[in-house]
Amino acid sequence: MNQVDTSPNAIANVNLRQVGKNKPRNDAPTKVYGKAIYAGDFYLEDMLFAKVLHSDRACANIKSVDTSAAKALAGVHSVLTADDLPATNAVMTDMPGQVGGGTKNTKQPILAKECVRFHGEPIALVAAESYELAQQALELIVVDYEETEGVYDAFEAQEPGSPIVYGDDNIVAAYKIRKGDIEKGFAEADYILENTFSSQYQEQAFLEPEAAVAWLDEHDILNIRSSTQVVEHFRAVADALGLPHNRVHLQAPYVGGGFGGKEVMTIEVWLALLAMDTKRPVKLIQTRENSFISHGPRHPFTFTHKTGVTKDGKITAMKIKATSDAGAYAKLSPYILLYATVGATGPYRVDNLWIDSTSAATNNLPTCAYRGFGTMQANTACEAQMEELAKLIGMDSLELRRKNFIQTGDPNTTGQIIRSSVWSDQCATKALEALGDRPENADHLVYGHGLACYQQSYGRIRWMKDTSESWVGLEMDGTLIVRCAVTDIGAGQMSALAQIAGEVLGVPMGEVTVYFGDGHVNPLAGTSTASRALYMTGKATELAAVNVRDNLLECMAEYFGVSAGELDLGDSKVFVLDNPERCMSTKEMAKHCAAQGVHRHSLEIYRAPPSEGLDPETGQGEVFPDFTYGAHAAKVSVDIDTGEVTVIKSVGAHDVGQSINLRAVEGQIEGSALMGQGFALSEELILEKGVLKNGSFSEYLIPTSEDVPEIESIVLESRSGLGPFGSKGIGEPVFAPVAASIVNAVADAIGTRIHDLPLTPEKVLAAVNAKQTQEAAE
Amino acid sequence: MLPPFELSQPQTLPEALRALAEDGGQPLAGGTNLFPDLRSGREKGDQFVSLALVEGLRYIKHTEQRITLGSGTTMSDIVHDPKMETAAPALAAAAKIFAGTMVRTAATIGGNVCCGSPSADTVPPLLTLAADVTLSSASGERTVPLDEFYTDYKKTVMKPDELLTSVSWAPPAPGSAHLFYKLARRKGDAITVTGVSVMIAADAGKCTTARVALGSVAPTVFRAHEAEDLLVGQALTPDLIEQAAKAAAHQCSPIDDIRATADYRLQTAHALTRRLITQAWKQVA
């Protein structure tokens, strides 16, 4: 289903030829035919193969590392430990990309030296003639550990006397929001409800594990071809090795999924070190087992919500405490905590607000970016609390939401005024309608409907002054080229740029060539993270294409003897709007303009709106460029004998501003329906004293094809976003409400709520039994 | 990584049996359990006898007296055999939800039975069929009731030089009900948390056959004989079914593991046994 705002105030109320249509993506054929070359498919002559020795314990001193036997093995060319590295032994783990500052400069040792702080921390690197030899060498390395007392709980880590993992007090980051008068707000409430909600580790589980090849070329430039969301990691590699930035060339081919797990650097710096040491190309594809411990999973969070509400359903006050487990290193935890803090109130206006949030270090896996980036966890807790509030005051939960939805022009959590359209109500209404009737309970099966709304940012934190660049050029023969170093991580980033440039210049997207993912040949575009790729790189591409269009039309206006405004480009020609018979093919136009010396290329930069940060006492200020709003609804059945939950129908309804490729939007909604279902029901990394116990796909349970429900995508277009043609970011937003909707549906089905995720059959059965016991007692 | 190993690839049964007896290799069937276990270090071994090329192990034979599966029959062979729906309805159901498509294409009935895992999904349905297994060695052949095959966790009566060559059973009585339920933490590609199979037949309002088998709730898959004894010769009432379910649960000795607690396994073994007997009785009565 697709609905477009045709009201006069829609900013891009124009007739679009390709944008917003359901189009096969430009990257589809090469992927379908298996021709696309991923990082791990790349071979070079004399290539060596790498293996990494990961710590098998979470907290221990390293008394010694003996690599002599490994080095003596024939066919082994390099064995590196911390002693072989530059003295700094540090790699940047902070916000990467085209950010202009405002970061916290978080770092991590490249290889563990005196101690290991988490299960999986790298200790040694090996390069050998084959993976088998490298593996044999790994097994010959003797690490003498001395286990030490660690801390494995984010609350215990904040207690006095706790072992210290990070800084002086294990506090990685903390934020405060103080807004309105919290005491007055609670005094005005008819009801006050307090609940604590917690959520688990989630693994990105991308199809393609970390993979890269590094080599020195004939100019002694260090080349890395890697599966990454961020080509700008060339800077961090160069800094870690003490090289000038312009001596490291990092390319990203097509990437088999990232979801945040390839935002902070993964394996590139290891391969760079081995390639420098051996002067030979070195390749590594992480095994799935090692992939689980090579990037940061989603942060477990605990939220305590105390909410005041009137009997009419108006929220009068919210007091929220949020705590996340950062694991052993900071990585992006400070920013993820900020997102969770801003997102703690969901899509609701709360004038009397008090939030304290803390991220604490432990000896657990370092947690990091994952689709939703803290907002999703915060939203899941908030939407559970909204349902419980509705139940408490006896009001329909959508009605309660309607009374509190933030609206355009309202201030959000940090006092930022929302400028774009907010279609929460329309989205929620349509999503719920699409669920249809609730089946009658039968035998052991009970049914439930669940709804969740959200507010999720797109684009980077504003004080980081994010930018993106793109180049658009019309060739002599009228074909179109886009050069933009956006990484294509599978969501159609490259194809969208073809569609945008093609729309502006009247060329079918399939005929546009996009050079992407190589930041030393193409203009740097920043990361494919933060739901910013389409917004930022699309906007830069649109601006560049418009420049080229302006130049061409100025020349063609003279040719046709009309003003430029009387001309349009479409269907591979230029034509007079009032008299389309008067036209010229794009090919002829390119030739004509070239003869006139017209500048047919343009390099443009798009700068996200900046801000100067938050007031540290009140937490007030502008954090994000803009937000996306929408809803997800789920119909579930629960087997009350076993606690098994089956998702029957899953409906996403979102205002995407303007869809660029409708098919790609639906792909995002469908994928997120399953990723959120996994989070709600089955996915959970299990750690015992920091050691991962289920690092395999037989024990870490992502939904399979057999678990797929009926999924419906409802796409609404307010054309009010900051992206090209009024689009908003959607990669993370469409995911934000999914788990909450399923959790709410289960609560609806069984008549009681489970406060810690995931909802395993065992937890569901315990809740069903507890409710029956309680009812029997009453 | 998978550790290195020697692999022999005999083409006939005698060759295979000789390799098992003389070279001391372990049999390798579909490998869908063995390879992940070797890779993770849970299983050791550096000498394997592949059964992939051995002729005459992959067949399904239906006669009026007996249904026989060669041990090389894959899960997808069972899924795609149209007669299996009546020859062994619960086995057909178990094969359909066995792991995922790729595993079903490789995994064999012989491998699933021999691995001795308490969560082996074909075993509860085979036990409620009262199936026999045929064990062959260079020195001969013997037939063992499946109910007497398992001795302990991943232990069987099979000798190192023996190979399971077929599984067979008598066709279920007309009008009987043969059911299987797999409780797992997701719908596809999951390891069973609690598995239950029942076979119920009735005549003149009385239960004539009652077989109940439970998986993943003890060191081996087992027949709940006490429960069965309560049912045979009776008209099944909810009370009696509850008593039988209780008796079945009483025979369980589950453990806590990464998938579920022992307590949850006990509760669900009880509830699912009750549910399946109730459903089966409804079908036959």
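Phe5(B) is partly exposed, because its relative accessible area is 27%, a value that falls between the limits for buried (under 20%) and exposed (over 50%), worked out with a 1.4 Å probe on protein chains only. Phe35(B) also counts as partly exposed, at 29% relative accessibility. This is a predicted model, in which local features need pLDDT of at least 70, side-chain atom pairs count only at pLDDT 80 or more, and totals for chains, interfaces and linings use all residues. Residues are numbered from 1 along each chain as its sequence is written, chains are lettered from A in the order in which they are written, and side-chain values use heavy atoms, with hydrogens and water left out.

**Aromatic pairs**

Rings of Phe, Tyr and Trp (its six-membered ring) pair if their centres lie within 6.5 Å, and the pair is called stacked if the planes are under 30 degrees apart, edge-to-face if over 60, and tilted otherwise. By this rule there are 18 aromatic pairs over all chains, and two of them are set out here.

| Pair | Distance between centres | Angle between planes | Class |
|---|---|---|---|
| Tyr254(A) and Phe516(A) | 5.1 Å | 40° | tilted |
| Phe5(B) and Phe35(B) | 5.9 Å | 25° | stacked |

Phe5(B) lies in the segment before strand S1 (6-8) of chain B and Phe35(B) in helix H2 (residues 34-40) of chain B, and the pair links parts of the chain that are 30 residues apart; helices (H or I, at least four residues) and strands (E, at least two) are DSSP runs, numbered from the N terminus. Tyr254(A) and Phe516(A) are both buried. Tyr254(A) sits in the loop between strand S14 (248-251) and helix H6 (268-278) of chain A, while Phe516(A) sits in the loop between strand S22 (512-515) and helix H13 (533-560) of chain A, so the pair ties together parts that are 262 residues apart in sequence.

**Charges and rings**

A charge sits over a ring if NZ of Lys or CZ of Arg is within 6 Å of the ring centre and within 35 degrees of the ring normal. The charged end of Lys319(A) sits over the ring of Trp354(A), 4.4 Å from its centre, and that of Arg275(B) sits over the ring of Tyr181(B), 5.6 Å from its centre.

**A buried arginine**

Arg401(A), which lies in helix H10 (residues 397-402) of chain A, counts as buried because its relative accessibility is 0%. Leaving aside neighbours within four places in sequence, Arg401(A) is in contact (heavy atoms within 4.5 Å) with residues including Tyr348(A), Glu383(A), Glu387(A) and Asn744(A).
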